[in-house]
Amino acid sequence: MRSHNPSSFPFLPIFLPLFLSFILSTLPPFTASSSSSSSNLIQETCKNCSDTDPNLSYDFCKASLESLPDGRRSSDLRQLGLVSIRLTKNNVTSTRHFIKQLLRKDNSKKKKLDPYVKACLGDCMELYTDAVSTIKVAAKDYKAKRYDDANIGLSSVMDAATTCEDGFKERHETEARVVSPLTKRNDDTFQLTAISLSIINMLR
């Protein structure tokens, strides 16, 4: 096999630096100080949130706010609040889709869902459908600094997650208990909403 002699490509010494310069110029700016600033803000915010709300985990808050590029780059509390609302919206939308899939599978399988579970899922479907619309309005209110209205909307989303989960626990004591397939998702919605509400209280 023939080997290529570097001298047979005389344009490489000139072209390579130009190419690398072009690639570097297209990358987003990044500085250690900005990263450190956003990281400190997230840690301080999550500490305040978890200190004021015993139901909110500091680790969950930190991991959530650092999960999106906006969360890592943001060094502004108000922007961080918007990130938390977007995370809540994504979770609510995803949960609604998940419930829809569970109900669709039940209609196509021989092994049906427990009738009580199916009824609960139907209730949760309605709750999360309303929550999707509510969180969109809450995001607009937040951007417009209508914090009281945003607070009401986000509290409604939090109540939807709690009501959905409680529905699976209300079966009569004499009947077999059922396991909610939405516990983790409901808890995530609750905690994400709690983060947003805590940040709103800090901004008031």
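**Disulfides and a buried aspartate: close-up views**

When the bonded cysteines of the protein chain are numbered in sequence order, they pair as 1-2, 3-4. The views below are taken from a predicted model, in which the disulfides number two.

**View A. The disulfide of Cys46 and Cys61.** The sulfur atoms of Cys46 and Cys61 are joined at an S to S distance of 2.1 Å. The link is left-handed, with -80° about the S-S bond. Because Cys46 belongs to helix 2 and Cys61 to helix 3, the pair ties together parts that are 15 residues apart in sequence. Cys46 is buried, at a relative accessible area of 0%, and Cys61 is likewise buried at 0%.

**View B. The disulfide of Cys124 and Cys164.** Here the sulfur atoms lie 2.1 Å apart, and the link is right-handed, with 100° about the S-S bond. Distant parts of the chain are linked, 40 residues apart: Cys124 is in helix 6 (residues 115-143) and Cys164 in helix 7 (residues 147-167). Both Cys124 and Cys164 are buried.

**View C. Cys49, a cysteine in no disulfide.** The nearest cysteine sulfur to that of Cys49 belongs to Cys61, 4.8 Å away. Cys49 counts as buried, with 0% relative accessibility.

**View D. The surroundings of Cys120.** Cys120 is buried, at 6% relative accessibility.

**View E. Asp53 in the loop between helix 2 (32-52) and helix 3 (58-65).** Asp53 is buried yet has no salt bridge; Arg204, the nearest side chain of opposite charge, is 13 Å away. A polar atom of the Asp53 side chain lies 2.9 Å from the backbone nitrogen of Asn55.

Methods:
Residues are numbered from 1 along each chain as its sequence is written. This is a predicted model: local features need pLDDT of at least 70, side-chain atom pairs count only at pLDDT 80 or more; totals for chains, interfaces and linings use all residues. Side-chain values use heavy atoms; hydrogens and water are left out. Helices (H or I, at least four residues) and strands (E, at least two) are DSSP runs, numbered from the N terminus. Buried means under 20% relative accessible area, exposed over 50%, partly exposed in between (1.4 Å probe, protein chains only). Lys and Arg count as positive and Asp and Glu as negative; His and the chain ends are not counted. A salt bridge is a side-chain nitrogen of Lys or Arg within 4 Å of a carboxyl oxygen of Asp or Glu. A polar contact is a pair of N or O atoms within 3.5 Å; within protein, one must be able to donate a hydrogen and the other to accept it, and residues adjacent in sequence count only if both atoms are side-chain atoms. A disulfide is a pair of cysteine sulfur atoms within 2.5 Å.
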